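Have the viewer ready and follow along.

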Amino acid sequence: MVNTAYDTAGQTPAASPWAAVGVSAFDEVLYQAILNQPDAGAAGWALLTSASPGRVREACNRLLTLGLLQPPDSMGGLRAVDPRVAIRALIRRRETESELLAATAEEMATAYEAGLLREEPSRLVEVASGEGAIAARLEEMYARAEHEVCLFDTPPYLAPAGPQVDRQADLLSRGILSRAIYSATGLEDPKILSRAFRMVELGEQARVLPSVPLKLLVVDGCRALLPLTASAAGGYCAVVVWHSAVTEALQKLFELAWQQAAPLGQAVDDGGLSESERTLIRLLAAGMKDEAVARHLGVSLRTLRRRVSELQERLGAASRFQLGMRASQRGWV
């Protein structure tokens, strides 16, 4: 067998599969000879391959290094390793080398991007003006996400919730981690609260703060989208920031806020809670004020406070803080 084959249609040489694992044309011929005549020894293999003994010895050393041959022992000279075992080991080694090369490429890409920024700092940012341009950048960033998306969610909202839910649902279906921090004031809107709970159902990790510092999307820690201005006439501008110290700082800002935020979750073991009680606990866990919770539930403040008091009594909680802690311990939030 030789290390190249010919495409009969185009008459062009095609590389042997052996080349993919680092086996040269002559080494392949020699290996086939050893498999067919294992007892011929170096002199016999030289005759079989029409090569000098010196060249055969050099090739044998390479095959030993590749793990296709086993060294001489007390039972005799060189022997071939079972090809099924040896070739699988070669393939695994090449896969590992490819993964290391891919990791090196990522490191080199970081240096490449840094060099571009030093040469032309304007590459750092891209301004998107208008709802259509911003929506296009959002869609592109979600599509290019590989590992994680981090989001500060707060009013005002530029577009309907539907497309945003679809983008994030697609993201989660691809196995990409999604973390969102919602502002409690934003969740006072029933539509936004419903969307937030829907995202949690789909697998988003969500938390709540009384307010968040800005609207922000960070993708893979290296690309960010945040607003610049919003004119009174409704003309919106946003900026896309590429991998730099700025995106690293924005990611750190998100992580600090994440540590301080309260979980926004779903009841997993409701202990016989009614639907309205489950909703009440989730709204309280989101940090909403009584007035906003009452509006969501469609009840008066007096009724709301009575229900909260009943839940506290049920859990033996002396305060709302204890109510939240004990509901969390039971897996209700």
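Predicted model: local features only at pLDDT ≥ 70, side-chain atom pairs only at ≥ 80, totals over all residues.

Now look at which side chains of α8 are tucked away. The buried ones are T247, L250, Q251, F254, A257 and W258. Around the axis they cover an arc of only 125 degrees, so they lie on the same side of α8. Turn to the face pointing away from that buried side and you'll find the exposed residues A245, K252, L256, Q259 and Q260.

Next stop, the other end of the numbering. Helix α1 covers residues 25–36, and it passes the same kind of length check: its twelve residues should span 16 Å at 1.5 Å a residue, and its end C-alpha atoms are 17 Å apart, which agrees. In α1, the buried residues are F26, D27, E28, L30, Y31, A33 and I34.

What does α1 pack against? Its partner here is helix α3, residues 53–66, with the two axes 10 Å apart and at an angle of about 90 degrees. Angles of 65 to 115 degrees count as roughly perpendicular, and α1 and α3 are therefore described that way. At the contact, α1 brings F26, D27, L30, Y31 and I34, while α3 answers with R55, V56, A59, C60, R62 and L63.

Is S276 buried, exposed or partly exposed? Its relative accessibility is 34%, and between the cut-offs of 20% and 50% that makes S276 partly exposed. Leaving aside residues up to four places away in sequence, S276 touches L297 and R307. R307 is 31 residues from S276 along the chain, yet their C-alpha atoms are separated by 9.8 Å.

Finally, zoom out. The protein has twelve helices and twelve strands, and 34% of its 333 residues are buried. Among contacts with a separation of 6 or more, 64% join residues 24 or more positions apart. The protein exposes about 18700 Å², with carbon and sulfur atoms supplying 56% of that area.

Definitions and conventions
Residues numbered from 1 in each chain as written. Heavy atoms only, no water. Buried < 20%, exposed > 50% of the residue type's maximum accessible area, 1.4 Å probe, protein only. Helix = DSSP H or I, 4+ residues; strand = E, 2+ residues; numbered from the N terminus. Arc of directions from axis to C-beta. Contact = heavy atoms within 4.5 Å. Areas by Shrake-Rupley, 256 points an atom, 1.4 Å probe, with all protein chains shown as cover. Axes fitted to C-alpha atoms, helices over the stretch in contact; angles between N-to-C directions. Parallel < 35°, antiparallel > 145°, perpendicular 65-115°, else oblique. Expected span 1.5 Å × (residues − 1).
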